[in-house]
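Dear colleague,

Please find the structure below, handed over for your records.

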Amino acid sequence: MNDVDAWLAQQNHAEWKENFDQQGYLVVEGLLSHEEIIGYERIYDKLLSGEINAKSHRHDLGNHVDRKVSKQENICQIMWPSSYVENLQEGKLHERAAKIAKIILGDDMTFDFDMLISKAPLTDTVTPMHQDESYWCDMPDKRAVTVWVAMDNATVDNGCMWFVPGSHNKELRPHRQAREGHHVLCCDGDESEMIASPIRAGSCTLHHGRTIHYTRGNSTDKQRRAFIVNYRPGLMVTWERNHGYDHGKDKGVQDILKED
Ligand SMILES: O=C(O)CCC(=O)C(=O)O
């Protein structure tokens, strides 16, 4: 057991669960040590720079806004990094995120998908207010948690997460396309009902699939990178795959095959 694992084991798990149950989100400091962050940064930057080619799983999550800085996405989203990097899913980030997911939502929580969302310097594009559930198919068991791990200190000015406390226990708000014809969804709401969660690099926030959340744009001259892992009950992962839904994994593979 290394220091972080020992630290995780000593935390007040009942308090984590209670906070998550009540608020629909949770902050966990220090998920990764400084050395571990450096290892993940190497992988992250190879995916961002294209040294590892993830082109067919790469999207502009900020394409609802006109391009802010030429030649780059407003918000870079890379789905399924673990399908590009051998053994990534067996690493400390996934291992610890899965442990916390099980503590707060039950032992049947299983890995569903992972992604990277990076806001480059001065791209200043918000991720609009939304509930993740609005992107997914309507599953019988709604338990789901997103673990959002900061690779850089996440601040209000570079795009830390904001949450509407308790929104996971209310109805799903109606969602619409943030811009007609674009994939990005949004719902009504504003910052006055939200709480900002600035965190240090290596720390994480966790939110329920129904918790309303959002991030401001990155108006700073440094990047804001997040490594994101999602968990839901194993039976529901099977359910969604049986209904043809794999969070874009296979679509990406089909695109690669078409290129060959
Ligand atoms: O990183 C962001 O800007 C948004 C992240 C998000 O919406 C999510 O992880 O569900």
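Glu133, Trp136, Cys137, Met139, Asp141, Lys142 and Arg232 line the largest cavity, a cavity being a set of points, on a 1 Å grid over the protein atoms alone, where a 1.4 Å probe fits but cannot get out, with lining residues having an atom within 4 Å of a point. This lining divides into three nonpolar, no polar and four charged residues; Ala, Val, Leu, Ile, Met, Phe, Trp, Tyr, Cys and Pro count as nonpolar, Asp, Glu, Lys and Arg as charged, and the others, Gly among them, as polar. The largest cavity holds about 50 Å³ of space, a volume being the space filled by probe spheres set on grid points that are joined across faces, edges and corners. The structure has one cavity of 30 Å³ or more.

This is a predicted model, in which local features need pLDDT of at least 70 and side-chain atom pairs count only at pLDDT 80 or more, while totals for chains, interfaces and linings use all residues. Residues are numbered from 1 along each chain as its sequence is written, and side-chain values use heavy atoms, with hydrogens and water left out.

The largest pocket (an open set of grid points with protein on both sides within 12 Å along at least five of seven lines) contains about 710 Å³ of space. It is lined by 36 residues, of which Leu61, Gln77, Met79, Met115 and His183 are the closest to its centre. By class, the lining comprises 15 nonpolar, 16 polar and five charged residues. The greatest contribution to it comes from β4, with four residues (strands are DSSP runs of E, at least two residues, numbered from the N terminus).

The ligand takes up the space of the largest pocket (more than half of its atoms lie within 2 Å of the grid points). Strands β4 (109-119), β5 (127-130), β6 (145-150), β12 (213-215) and β13 (224-233) each give two or more residues to the shell around the ligand. Of the 13 residues around the ligand, Thr127, Trp148, His213, Thr215 and Arg224 come nearest (near means a heavy atom within 4 Å).

The protein buries 97% of the 300 Å² that the ligand exposes when taken alone (Shrake-Rupley method, 1.4 Å probe).
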